Amino acid sequence: MPRPTISGDVIRRIDMHHSSPGKDKDYRITITQELDGLCRVYTEYGPAGKLKNGKEQTKKPISAGQAEVMADSIRDGKIKQTDSYAVISERRFSATATSPANAA
């Protein structure tokens with residue numbers, strides 16, 4: 001499965017890495033926010049430095065709170081699995097979407 005086309009403004013990105021004998025791979029979790037304030041969660045993975053595959057984890061846009069919980073759950077699952085990943089960086093970005101309450 002090829003890398004997903006990521007839409008919206010990136011508001012959070014978690015980069016993870018796994019290395020053990022014979023393995024060297026990366027995993028990325030991205031939360032984006034649409035103009036209506038709803039969010040999507042994407043995952044990408046592949047050999048170290050070459051994210052080649054991935055998919056959108058959300059079936060439809062969800063609230064920011066739900067997206068945060070989903071991203072944390074995916075991250076924690078990767079940390080706890082047998083081939084454990086380590087978080088390399090976890091960054092938050094300012095949301096530029098206009099909330100419906102503030103829209104004029």
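Me: Contact means heavy atoms within 4.5 Å. With that cut-off, what share of contacts in the chain between residues at least 6 apart in sequence join residues at least 24 apart?

Reply: The share is 53%. The model is a predicted one, in which local features need pLDDT of at least 70 and side-chain atom pairs count only at pLDDT 80 or more, whereas totals for chains, interfaces and linings use all residues. Residues are numbered from 1 along each chain as its sequence is written, and side-chain values use heavy atoms, with hydrogens and water left out.

Me: What makes the pattern of the chain β-β-β-β-α-β?

Reply: The chain has one helix and five strands, and the pattern is their order read along the sequence. Helices (H or I, at least four residues) and strands (E, at least two) are DSSP runs, numbered from the N terminus.

Me: What makes E4 and E5 the edge strands?

Reply: The open sheet of five strands has the order E4-E3-E2-E1-E5, with antiparallel pairing. Strand E4 (53-56) and strand E5 (86-92) each pair on one side only. From one strand to the next, the twist averages 10°; axes are lines fitted to C-alpha atoms, for helices over the stretch in contact, and angles run from 0 to 180 degrees between N-to-C directions.

Me: Why is Asp 36 called partly exposed?

Reply: Buried means under 20% relative accessible area, exposed over 50%, and partly exposed in between (1.4 Å probe, protein chains only). Asp 36 has 43% relative accessibility, so it falls in the middle class. Asp 36 lies in the loop between strand E2 (23-33) and strand E3 (39-47). E2 and E3 form a hairpin with five residues between them, and Gly 37 in that turn has a positive phi of about 90°.

Me: What does the side chain of Asp 36 reach?

Reply: The side chain reaches the backbone nitrogen of Leu 38 at 2.9 Å. A polar contact is a pair of N or O atoms within 3.5 Å; within protein, one must be able to donate a hydrogen and the other to accept it, and residues adjacent in sequence count only if both atoms are side-chain atoms. The distance of 2.9 Å is inside that limit.

Me: What makes E2 mostly covered?

Reply: Eight of its eleven residues are buried.

Me: Which residues have the most contacts inside the largest nonpolar core?

Reply: They are Met 16, Tyr 27, Ile 29, Ile 31, Val 41 and Ala 67, in a core of 13 residues. A nonpolar core is a set of buried Ala, Val, Leu, Ile, Met, Phe, Trp, Tyr and Cys residues joined through side-chain atoms within 4.5 Å. E1, E2, E3 and H1 each give two or more residues to this core.

Definitions and conventions: Pairing = 2+ DSSP bridges.
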